[in-house]
Amino acid sequence: MTVPVGIIMGSQSDWATMREAAALLDELGIAYETKIVSAHRTPDRLWEYGKTAAGRGLKAIIAGAGGAAHLPGMMASKTRVPVIGVPVQTRALSGVDSLYSIVQMPKGFPVATMAIGAAGAANGALMAAAILATSDEAVAARLEDWRAALSAAIPEEPSDD
Ligand code: RP5
């Protein structure tokens, strides 16, 4: 079965963060696959995933990694499918290491870099949805509804409760 979005991560330990992306895609009714693909521990898996991504019909890849977070950038170097990078928060350096590892790509191979941690993972899913929405009216409508519901849920005034 063709799925439009890939959620990949460098380690099982990234899943606690990346499941936020999966949950958001579930909310939006967008199919996805999840894979552990490590730039350092499983480089052949990374290569194969990148080589086949476009042909398999992936429209966006959300890639989360922490520390020396080379997965998103390496994936972007191997496929033209848009790569959305999620810097996973780390204990040693709070995820700033992940962010810097992902965001400073050389000219030619961009990674759309999100915020550190859970918010970044959720936003990665919303970014993937926005990419799909450019050519899928049903996804566009669900994304519009989701955004409107979020806005409607924000109170006009703060409360003490
Ligand atoms: C990175 O190293 C992973 O993306 C993960 O965030 C980090 C630590 O991995 P584990 O040692 O927890 O497997 O490759």
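By class, the shell around the ligand has 2 nonpolar, 7 polar and 1 charged residues; Ala, Val, Leu, Ile, Met, Phe, Trp, Tyr, Cys and Pro count as nonpolar, Asp, Glu, Lys and Arg as charged, and the others, Gly among them, as polar. This is a predicted model: local features need pLDDT of at least 70 and side-chain atom pairs count only at pLDDT 80 or more, while totals for chains, interfaces and linings use all residues. Residues are numbered from 1 along each chain as its sequence is written.

Q: Which residues are around the ligand?
A: To be near it, a residue needs its C-beta atom, placed from the backbone, within 6 Å of the molecule. On that basis the list is G10, S11, S13, D14, S38, H40, A65, G66, G67 and V88.

Q: Is D14 buried or exposed?
A: D14 sits in the loop between β1 and α1; helices (H or I, at least four residues) and strands (E, at least two) are DSSP runs, numbered from the N terminus. A residue is buried if 20 or more other C-beta atoms, placed from the backbone, lie within 10 Å of its own, exposed if 12 or fewer, and partly exposed in between. D14 has 25 C-beta neighbours inside 10 Å, so it counts as buried.

Q: What separates the C-alpha atoms of D14 and V88?
A: Leaving aside neighbours within four places in sequence, D14 is in contact with M9, G64, A65, G66 and V88, contact being C-beta atoms, placed from the backbone, within 7 Å. D14 and V88 are 74 residues apart along the chain, yet their C-alpha atoms are separated by 6.8 Å.

Q: How far does α1 reach from its first C-alpha to its last?
A: α1 covers residues 15–28, 14 residues in total.

Q: Which elements do the buried residues of α1 pack against?
A: The buried ones are T17, M18, E20, A21, L24 and L25. They cover an arc of only 130 degrees around the axis, which puts them on the same side of α1; the arc is that of the directions from the helix axis to the C-beta atoms. Their packing partners are β1 (5–9), β2 (32–36), β3 (60–66), β4 and α5 (118–133).

Q: What is the phi of S94 near?
A: S94 lies in the loop between β4 (83–88) and α4 (96–103), and counts as partly exposed because it has 13 C-beta neighbours inside 10 Å. Most residues other than glycine have a negative phi. In S94 phi is positive, near 60 degrees.

Definitions and conventions. Expected span 1.5 Å × (residues − 1). Contact = placed C-beta atoms within 7 Å.
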